[in-house]
Amino acid sequence: MRDSTSSTHPVENSVSELRRGLLDAAVTTGWLKKLKAKALFVAGKEDLFQTISQVFVDAIFSTDVRMPRDCAVVLCELPEGLLFESEPCLKAITSLNSEVCKHICTVSDLGVDPEVLLDRATNLMTLTCMRIKGNPPSQDLESGARDALNRIQWLLQKSLGTTDGDSRAPQPYGDLAELNDSKIIFEAVGDSLLREILDDGLNLLETSAAIFESNGDYALSIKASKWCRFMDERSRQLAPGDNREAIESGKWHCNQSCRETSLMAVESGLPVDQACNGGIRIFAVPIKAGNDIVGSINIGYGDPPKEKEALEALALKYETTVEELSNQAQKYHSRPPFIIEQSKKRLLSAAYLIGEIVERRRSKMEIQKLNLMLNERIRELEPAERERLKLADIVEQSNDAIFSIDLESRVMSWNSGAEKIYGYSPEEIVGQSIFMITKEEGPTQETEEIRTMVMAGTPPKMFETVHKRKDGVEIPVALTISCIRNEQDRITEISVISRDITEKRKSEEALKKFSRDLERSNNELKQFAFAAAHDLQEPLRAMANYSDLLTGRYAAMLDERAVKYINRIAESSERMQALIQDLLHYSRVDTHGKPFAEVDLQEVFLSATKNLRIAIEESGAVVVADKLPKIQADRSQMLLLFQNLIGNAIKYRRQETPQISVHSKLENGMLTLDFKDNGIGMEEEHFERIFVIFQRLHTRDEYPGTGMGLAICKRIVDRHDGAIWVESKPAVGSDFFVRLPTVQKATGDSSANENSAR
Amino acid sequence: MKILHVEDNLADSDLLKEAFESIGIEATVQVTHDAKKALSGLEQNLQNQGANSPDLIVLDLNLPKMDGREMLKRLKEHPQLRRIPVVILSTSNLEQDISFCYENHCNSYIVKPIRFEEYKRIAKNMLEYWFSTVALPSGSTNN
């Protein structure tokens, strides 16, 4: 508070002279009395003005100078270099001491009406216009005016950055921003930027400021002025518990009104301006991000109350003393309305700014989220894409023709296999009609039928037809047709895989021819066999029988030798017949082979031993077998096989009792039989020979037989797609192994085309 | 005992006669090589109230003109003639022939043996079986 009698401002020597001069002038001339003008302007350049105005103020109010009733003292600072004057003003001023005039007036302008000038000056004012009207200068008036002036006096001292003590220090109860659950604004804008924004307002108003999230949580709160700090801390002490509980109790008055005002702004979507519990006012502006209100920013303004009633009510509410309140109130520097209005305007801009930042951050996060989703999708598609590329590769590299046509029979795709087979390059055929490759070069009944089936969703299974190459050559092909559907599950394309089956056809033809040849050969053989069965054997029989009749009837006339010779003839015929019989058996293995059916080898073994019972009895042989399985075979041939092998085992015995056994092993669909005996055995060099037709290891005198038995066995085994071999040791015994598949691939029907080509 | 032997091969028909002779059984054997004629002859017998009807027919299969198989069928389809037992005596040991003959109701099937001893045995068995063991239907000469 400035004392009028002392000057703390730096005053130049000339100015103090001026002051004295002015005082003298004012007193001696009583010029103010005489002043007819309504207003007295003191105008000048900035620095000079400051000095002059102080001097003037001092001059006017320090002595017993009486101001005319309706005279306004306007102290105005004008834009540099520009001064206004008017005739009457100038006249008024020039009636003063010329010394004073010299200092006051410099540049004149174009002559402006004082009223207008007053008007303009008030617009440009940075100081309060003091209007002293109607009241005689009294102490109240003086001190009132002085007070008013003093109130704004501090502005001259103020510069940015200086604060009212330690107002930025955190409150003793801690940082309420820690309770922020919402954090939308806090995270979007950031602590430091929020503080900067609030600082703007606080620098001007020096009260308190806060930014709230939409749910009422603090994003930031600053109590800058001593008054606000005092009131806030005082009311905090009135509320119980921790910060959260204190907020909810409703007894923390300052917090309460701050929040309430802010929430009103948030809910209404409009700025709110009302009194607060702490005795000043709050201006709250909602913060809009896009279409949402995400919070509010508010600032306190106005002077703490000075009236006794107000202070008393406040003291009661806050449970403190009037003295204390008064003390705190004194510390607050009043703000001119202009500054308050400007601060409010700034607040509106700040709210807009924060809203924009939040909105932009939201958008950025949206974009980031979309980006993530997009990358996710791309990653998902990658394997699908790779799979697709893999399939595309397979299609392209396939040797088969793979192509597709649309519903108008135009070629849509054409792989390299198709080019190889048909001779058309993709450029030549894509977009053209598929009938370029058909034999008829146009739709036929067959193609129409196929089309109907495809459109019904049931394309035909692989079928064969004839296509035509670019060079006109007709080729047989096997086609596989399938439908291609779009997302709506409608058939849009037909895909075709075409395989050139020329080779296959050739093989088929060759096979058919071979089958026909074989069948013819078999038939010729059958006829031969039939002839052999009858015509060849008749003469032989006659020879044998009549030889017998001869020796019978004419025994008396024949000597021993004659009988012997005649017997030799009979025996030869007999042997010849046996040979023919065996040859017939041998040939009939294939020509008279019966179709394969399920055969119980156990039963076959029993039948064979029954058929051989005389030989078994005579030799005293012991013949046993494992449990034999059922297999697919020709039963009569199996019987012959068993009879031959067991018969041989009996025939080629040693002195010891013949021990003959049939062992069985089943593995992987193959049956291995072991016809084991303890007979005479044979050398290894003979192992293969014995299976050849007519091969005998002994003379007929030693062992009877035609040498066909094992050859027939081999033929039977070959017909059944099996194998036969022997392992043996002379004078120990032999193992004849027979391996047979349990299931036959062919039917074994020798009358059908499907003959096992051997 | 009357036997009708249908056989085209003289050698074979002689052999059977020889066999019968050597075992010392009286049997009248009529040999014919013509199956057709034999059939018509048999039918004629019927008209004569069965006079000269054979008690047994021994039938070869492979005959000229009408085949033995055909004759067998005819015989066994004939309402009266089918009563006469038919023994097939053939060179064929083919299973299909044997099956065929039994399917067409031959009474038995014998494969012609190679040696004479066997022939004698067969002849003996045949005569003993058909003329001493079994009962034949009335109308035969064997009362």
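This report covers aromatic ring contacts in a predicted model.

## Basis

Local features need pLDDT of at least 70 and side-chain atom pairs pLDDT 80 or more, while totals for chains, interfaces and linings use all residues; side-chain values use heavy atoms, without hydrogens and water. Residues are numbered from 1 along each chain as its sequence is written, with chains lettered from A and ligands numbered from 1 in the order in which they are written.

## Aromatic pairs

Over all chains, the structure holds eight aromatic pairs (rings of Phe, Tyr and Trp, the last by its six-membered ring, with centres within 6.5 Å; planes under 30 degrees apart are stacked, over 60 edge-to-face, the rest tilted). One of these is the tilted pair of Phe212(A) and Tyr218(A), 4.5 Å centre to centre with 35° between the planes.

Phe642(A) and Phe675(A) pair edge-to-face, at 5.1 Å centre to centre and 80° between the planes. This pair links distant parts of the chain, 33 residues apart: Phe642(A) lies in helix α23 (residues 635–651) and Phe675(A) in strand β17 (residues 670–677), both of chain A. Helices (H or I, at least four residues) and strands (E, at least two) are DSSP runs numbered from the N terminus. Phe642(A) counts as buried because its relative accessibility is 0%; Phe675(A) does so at 4%.

## Cluster and charges over rings

One aromatic cluster is formed by Phe403(A), Trp414(A) and Tyr422(A).

The charged end of Lys344(A) sits over the ring of Phe283(A), 5.4 Å from the ring centre (NZ of Lys or CZ of Arg within 6 Å of the ring centre and within 35 degrees of the ring normal). Over the ring of Tyr586(A) sits the charged end of Arg715(A), 4.6 Å from the centre.

Terms used:
Buried means under 20% relative accessible area, exposed over 50%, partly exposed in between (1.4 Å probe, protein chains only).
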